[in-house]
Amino acid sequence: MTRRLKDVEIGFPIVYGAISFWLGKKASEYNSHKWTVYVRSATNEDLSVIVKSAVFQLHPSFNNPTRVVESAPFELSESGWGEFEIAITLFFHSDVCDKQLNLYHQLKLYPEDDNGPQSTKRPVVVETYDEIVLSEPTEAFFLRVQNHPAAIVPRLPAGLNLSPPGPVEHVNEKKRGDTKDHPLSPWFMNFSEADELLKLAAARQQVQAHIAKLRRQLSMIDGLPQQSKASSGQ
Amino acid sequence: MDAKDILGLPKNSFPAAQEKKPRPPKDSQRKPDGVSREVYALTGGMAPLMPSIEVSHLKKRPNSEKEKITWQWLSFTSSARTDNLQLYHWVRVVNGVPPTGDYSFAKYNKSVDILRYTDEEYEKHLIDPMWTKEETDQLFDLCERFDLRFIVIADRFPSSRSVEELKSRYYSVNRALLIARAPSPSDVSGHPLVKEPYNMVHEIERKRALSAVLSQTKQQERRDAEILAEAKRIMESRMASKSAEDAEMPVNPTGNETEKATAPAESVSPSTNIHPSSSTAAPATATTESASTPASLRMLRVYLRTHVLDQMVQAASSTAGLRTIKRVDQTLQDLGVHVKPKVPTKAVCAEHLELRKEILTLLNLQKQLQNKEAEASANRDSSYAEAPSTPKRSYRADVDRPFVPDSVGFGGERAAKRDHKRKAPGRFIDAPPSPPQSKRPRKLKASD
């Protein structure tokens with residue numbers, strides 16, 4: 001069961017960032033905003049399937065700047081006046097990986113356009129999409145997560161025989177780890193890869209057409225028959 | 001004032017050149033004694049900046065009164081001569097005693113030691129179908145006489161033999177003699193003549209090639225340089241596409257659902273690299289840029305998708321210069337694509353990487369086209385005697401940003417421009433000026 005599955009990777013799409021609200025009337029010189037920094041699953045599932053704990057390293061001017069969060073949702077709320085870089089370190093369960101993963105987020109409190117007055121109702125939201133990739137997972141881990149909604153699990157290559165799956169693991173039901181109904185969820189950004197894929201496909205078409213044109217021109221100048229270069233992706 | 005003196009009433013005769021001769025002071029401004037007024041005036045009436053040579057500082061003439069030196073016309077002989085000829089020359093005689101010793105130049109009479117063979121040795125080892133004994137003897141005599149100057153020997157040789165033939169015979173005789181006379185073969189195996197015998201055919205070929213290179217005309221030189229530059233360009237582009245291919249192999253470009261069992265990466269072989277036991281060692285940030293980066297990332301076991309993408313992008317553009325990378329980024333922006341994907345899923349990253357590679361190919365092709373057009377126009381211009389600068393410059397401007405968003409269907413207007421340029425076919429003239437030709441490819445390369 002500790003056998004590693006070669007050429008297999010499991011992806012966990014995540015979103016990390018922060019949402020900050022202006023405190024309005026209650027704002028003071030040193031406490032102008034309240035904000036929450038977090039790491040969540042991109043589909044708002046429970047990340048504690050792989051993440052054991054998250055450590056948020058704040059600016060040294062905060063009391064106890066090293067904040068450890070040991071259960072999902074992995075988030076931290078604070079208030080302050082300054083913008084700074086927050087280092088987020090994710091620690092994984094022992095069957096996942098014994099190495100940690102570092103993320104960095106620049107806390108933003110003030111909106112881009114500072115023309116209009118700040119509103120306590122509209123927060124400043126900065127989120128980054130990324131994917132945690134676990135390569136060559138152990139068989140045991142694979143079996144554990146293969147049906148988890150937070151995971152993107154590939155179909156295994158043919159011929160790979162896994163031991164029959166054990167009983168479904170009972171997720172810790174004491175506290176909900178997913179963020180589907182999180183109070184901040186209305187502000188969560190949507191990340192659709194379809195949009196980006198479309199743009200990329202269109203761009204590639206344009207470039208390929210241009211390449212073909214240049215090749216024609218080159219071969220006309222050379223007077224040689226058109227050569228097809230063995231470049232990748234073509 | 002001096003000029004007046006000279007022209008009008010020359011009171012003094014022309015001053016003597018000797019500085020030491022004291023002269024009656026004419027000019028009250030003259031400073032040191034012993035310097036004539038005219039000479040002093042050369043410096044503008046002031047003391048010279050350089051310290052003048054004090055007489056007391058100079059060396060006294062050595063041996064002024066100690067020895068008596070005479071020079072005598074005496075005869076001499078030289079040990080370098082074999083005929084006892086007596087010649088005469090001037091000899092410096094000190095106190096009546098002429099110098100002794102050999103003629104001083106005799107020591108320069110060096111000669112080469114030539115091995116000579118006995119008739120018996122000749123019969124045993126040195127018989128050659130192409131050479132008679134007589135000829136070989138003559139050869140050796142000449143070698144001794146002319147100190148192995150083969151060009152002279154070839155000239156003097158009675159029957160006409162080429163320098164290479166003579167050399168070949170001489171060296172092969174020597175080699176055979178060396179081997180025959182050596183007590184054991186191993187003793188002499190270190191001798192250069194034994195290790196590398198003279199190869200007549202090779203020498204003839206080498207000399208022919210050398211004279212061909214030396215006598216190349218300018219035009220041939222230019223052609224060779226062009227061909228070499230072209231070959232280098234092709235090699236480089238091949239290397240670039242090859243390394244890009246190598247870099248993409250470990251990343252599986254297919255969609256989320258299927259993952260091929262035979263994920264390649266022969267060049268990297270991560271399967272042999274990685275063993276379950278060795279989960280230590282790998283540092284958290286692998287910053288190598290070779291194609292093995294994905295393997296080192298895999299060693300980490302956990303990493304971010306964007307991290308992989310960055311490494312791939314770096315690997316793919318490792319052969320490109322900084323300017324090219326910037327142009328790729330600019331092109332991405334012009335196409336409306338994020339330089340770093342906003343939603344970096346596996347599929348998006350793969351597409352992004354492919355797009356970048358295609359843009360690199362595009363830029364390479366553009367550069368090639370520019371080169372070609374530049375050459376063609378340079379050739380054309382030398383025949384029409386026109387300055388090529390303006391058309392090229394405008395061409396380059398629109399090639400740099402082919403996807404500028406506000407252009408009307410990027411193909412249209414530029415295609416028209418290019419056709420217009422291509423009206424006159426490039427005629428290659430025999431002798432265009434060489435410096436611009438050879439400089440241009442180099443210049444373009446340096447710009448990257």
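Select helix α6 of chain B, residues 163-181, in this predicted model. Helices here are DSSP runs of H or I with at least four residues, strands are runs of E with at least two, and both are numbered from the N terminus. Helix α6(B) has 19 residues and spans 27 Å from its first C-alpha to its last, close to the 27 Å expected at 1.5 Å a residue; the expected span is 1.5 Å times one less than the number of residues.

Show the side chains of α6(B) next. Its buried residues include L166(B), Y170(B), V173(B) and L177(B), where buried means under 20% relative accessible area, exposed over 50%, and partly exposed in between (1.4 Å probe, protein chains only). The buried residues pack against α3 (119-125), α4 (133-145), α5, α8 (192-195) and α9 (200-214) of chain B; contact means heavy atoms within 4.5 Å.

Colour chain B by pLDDT, the predictor's confidence in each residue, from 0 to 100. The chain averages 73, and 64% of the residues score at least 70. Helix α5(B), residues 150-156, has the highest confidence at 93, while α11(B), residues 270-273, has the lowest, at a mean of 41. Then select residues 407-448 of chain B: pLDDT stays under 50 there, and the model has 54 contacts beyond four places in sequence for this stretch. For the complex, the predictor gives an ipTM of 0.84 and a pTM of 0.48.

Move to the open sheet of five strands, ordered β5(A)-β2(A)-β1(A)-β8(A)-β3(B), with antiparallel pairing. Strands pair if DSSP finds at least two bridges between them. At the edges stand β5(A), residues 74-80, and β3(B), residues 302-304, each with a single partner strand, so one side of each has no neighbour in the sheet. The twist averages 20° from one strand to the next. Axes are lines fitted to C-alpha atoms, for helices over the stretch in contact, and angles run from 0 to 180 degrees between N-to-C directions.

Within this sheet, select β1(A), residues 9-22, and β8(A), residues 124-135: twelve bridges join these antiparallel strands. S20(A) stands opposite V124(A).

Select β3(A), residues 51-57, and β6(A), residues 85-92, which pair over six bridges; Q57(A) stands opposite A87(A).

Residues are numbered from 1 along each chain as its sequence is written, with chains lettered from A and ligands numbered from 1 in the order written. In this predicted model local features need pLDDT of at least 70 and side-chain atom pairs count only at 80 or more, while totals for chains, interfaces and linings use all residues; side-chain values use heavy atoms, leaving out hydrogens and water.
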